[in-house]
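User: I have a structure open and would like to talk through a few of its side chains. Can we start with the charged ones?
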Amino acid sequence: MKEKLTVIKVGGKIVEEEATLRKLLDDFAAIGGHKLLVHGGGRSATKLAESLGIESRMVNGRRITDAETLKVVTMVYGGLVNKNIVAGLQARGVNALGLTGADMDAIRSVKRPVKEVDYGFVGDVKQVNAALLADLICKGIIPVMAPLTHDGEGNMLNTNADTIAGETAKALASLFDVTLVF
């Protein structure tokens, strides 16, 4: 019988506001057993981009990620938002490790092909390193995944957090009894 794993995906609105972040951290810390957290952070990225004079463009709720926007989302998702979550979990006794898909080759993507819209540096998940994530999880380390991946050729890609959560849950389902909660 497989051990249970809870994969939680939270949107940027929850992790970007102090009161909702505190509640999330308390609730997540209280979840028993193996767990993994995937987060967004789009509002913070939009706010920082605006302060830098970079226009944020969205199509059907998806961010167009040009080179300058990629720098912003990498800083915000992989840095500020991710590390605030990790620090908050550490304060609650949860041994969390913040990761992007590029870290330890956790998640590889391919650049989304141009069809009706050129989304720029946006990735579609190709492969999740389930063995790596399972090894961390079984060692008591809680992965906190930022919505960034890489293409294996040195390029970061902005990747939808819902997709990361779903693909990660699918990949880990061969090793755990996975429950995915959005």
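Analyst: Glu16, Glu17 and Arg43 are linked in a network of salt bridges. A salt bridge here is a side-chain nitrogen of Lys or Arg within 4 Å of a carboxyl oxygen of Asp or Glu. This is a predicted model, where local features need pLDDT of at least 70 and side-chain atom pairs count only at pLDDT 80 or more, while totals for chains, interfaces and linings use all residues. Residues are numbered from 1 along each chain as its sequence is written, and side-chain values use heavy atoms, with hydrogens and water left out.

User: How far apart are the closest N and O atoms of Glu16 and Arg43?
Analyst: They are 3.3 Å apart. The pair links distant parts of the chain, with Glu16 in helix H1 and Arg43 in helix H3, 27 residues apart. Helices are DSSP runs of H or I, at least four residues, numbered from the N terminus; strands are runs of E, at least two.

User: How many salt bridges does the structure hold?
Analyst: Twelve. One of them joins Glu167 and Lys170, at 3.0 Å from N to O.

User: Is Lys170 buried or exposed?
Analyst: Lys170 is exposed because its relative accessible area is 56%. Exposed means over 50%, buried under 20%, and partly exposed in between (1.4 Å probe, protein chains only).

User: New topic. Where is Thr159?
Analyst: Thr159 sits in the loop between strand S10 and helix H6. With 2% relative accessibility, Thr159 counts as buried.

User: What is Thr159 in contact with?
Analyst: Leaving aside neighbours within four places in sequence, its contacts (heavy atoms within 4.5 Å) include Ser109, Pro147 and Ile164.
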